Amino acid sequence: MKINKISVNSIIIFTMLIVYVQPALGQACQKTCGSIPIKYPFGTGPGCGDPRFQSYVNCNQQQLTFSTHTGCYPVTSIDYNNQVLYITDPSMSTCSCSQPSKGFSLDWNAPFSFRDDVVFALLDCSTSASPIYKSIRASNSTTFPLCDPQGASVCSVLYSCQAISRLNIPVSTCCVYTPVDLGPSFEMDLQKLQCTAYSGLYGFNGQESNPDAWKYGVALNYKFNLNNDYPAMCANCEKSNGVCGYGGPYNSYVCNCPSGFNTSTDCFYGAAWSNGLRFYPWQTGIVLVYSLAWFAILCAA
């Protein structure tokens, strides 16, 4: 068969097209970070999940972390059914370890809020100078703490821990804060409150008198949107083995597929097997030109 100039040009075009349609090396947005499954609205990096959450929850070297202006904290687990993110603060005191801390705070504009049952126990607070105390009878300098009165039992049990009791500080220096007491900015600055340390917990495991069994950490609620509706497009994306993400100048929704490419719908849309190639919406124009290139070669032969 004689190969003329037209067929050579066609082969060059065809080769360029073959190179162009090679798939990406893998899915950019991962479905796990370490041992923690990652689902919407969270993501493992830029372009993954919901952009409102990306600056707060990140995956670094297979460690999922939560960031605020007070620090970076390991994420221990995520309850997707109840929309709760659980984190721990390495500087937090527990029954087994007492250590100084600067406190914990949420960014005022973060899409998170404290779960209702979160308890903060401020430890070793100055009863004479801390703003959480006030004098109610100046004659005998009696002080009354501006704290949750139902938290006295928590302080009493917590101060029985060896790590705290060996500090030899009176239980009166303990104040139990509930999240609502932190104010609209969710700020707990221990230096301003003149407290040395704090302990956070979100459950007693049915053992209120055994502080070793308590669930230490911070539980944060999150919402998908104003109405807290799970986006239907994202649900379809995940059903098709994709990962929800965003892209473009307006952070528009995209579905990141296992092939590594993004679609505006899901990974099922337009997928079909033909001659060993899988065609997606973003390949439609390429496939058409691919067919025309073959046609040109056959005609020129």
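Reader: How many disulfides does a search of the whole structure find?
Author: The structure is a predicted model, in which local features need pLDDT of at least 70, side-chain atom pairs count only at pLDDT 80 or more, and totals for chains, interfaces and linings use all residues. Residues are numbered from 1 along each chain as its sequence is written, and side-chain values use heavy atoms, with hydrogens and water left out. A disulfide is taken as a pair of cysteine sulfur atoms within 2.5 Å. On that criterion, the number of disulfides in the whole structure is 9.

Reader: Which residue does a disulfide join to Cys147?
Author: The partner lies in strand β11 (residues 175-177), whereas Cys147 is in the loop between β10 (142-145) and α3 (152-158), 28 residues apart; helices (H or I, at least four residues) and strands (E, at least two) are DSSP runs, numbered from the N terminus. The link is left-handed, with -110 degrees about the S-S bond. At an S to S distance of 1.6 Å, the residue joined to Cys147 is Cys175.

Reader: Is the disulfide of Cys155 and Cys174 left-handed or right-handed?
Author: The sulfur atoms of Cys155 and Cys174 are 2.0 Å apart, and both residues are buried. Cys155 belongs to helix α3 and Cys174 to the loop between α4 (162-165) and β11, so the pair ties together parts 19 residues apart in sequence. Because the torsion about the S-S bond is about -75 degrees, the disulfide is left-handed.

Reader: What is the torsion about the S-S bond of Cys234 and Cys244?
Author: This disulfide has an S to S distance of 1.9 Å. Cys234 lies in helix α6 (residues 232-239) and Cys244 in strand β15 (residues 243-247), so the pair ties together parts 10 residues apart in sequence. Cys234 is buried at 1% relative accessible area, and Cys244 counts as buried at 4%. The disulfide is right-handed because the torsion is about 120 degrees.

Reader: Why is the pair of Phe53 and Tyr222 given its geometric class?
Author: Rings of Phe, Tyr and Trp (its six-membered ring) pair if their centres lie within 6.5 Å; planes under 30 degrees apart count as stacked, over 60 as edge-to-face and the rest as tilted. The structure holds 18 such aromatic pairs. In this one the centres are 6.2 Å apart and the planes stand at 85 degrees, so the class is edge-to-face.

Reader: Where in the chain is Tyr222?
Author: Phe53 and Tyr222 are both buried, and they link distant parts of the chain, 169 residues apart. Phe53 sits in helix α2 (residues 51-54), while Tyr222 is in strand β14 (residues 218-222).

Reader: How many degrees lie between the planes of Phe114 and Phe120?
Author: Phe114 and Phe120 are both buried. Their rings are 5.4 Å apart centre to centre and form an edge-to-face pair, with an angle between the planes of 85 degrees.

Reader: What is the bridge partner of Val84 in β14?
Author: Strand β6 (residues 84-87) pairs with β14 in the antiparallel sense over 4 bridges. Within β14, the bridge partner of Val84 is Asn221.

Reader: How far apart are the closest N and O atoms of Arg115 and Asp117?
Author: A salt bridge is a side-chain nitrogen of Lys or Arg within 4 Å of a carboxyl oxygen of Asp or Glu, and the structure holds 2 of them. Arg115 counts as buried at 18% relative accessibility, whereas Asp117 is partly exposed at 37%. Their salt bridge has its closest N and O atoms at 2.6 Å.

Reader: Which residue meets Arg52 in a salt bridge?
Author: Arg52 is partly exposed, with a relative accessible area of 39%. The N to O distance of its salt bridge is 3.5 Å, and the residue it meets is Asp50.

Key:
Buried < 20%, exposed > 50% of the residue type's maximum accessible area, 1.4 Å probe, protein only. Pairing = 2+ DSSP bridges.
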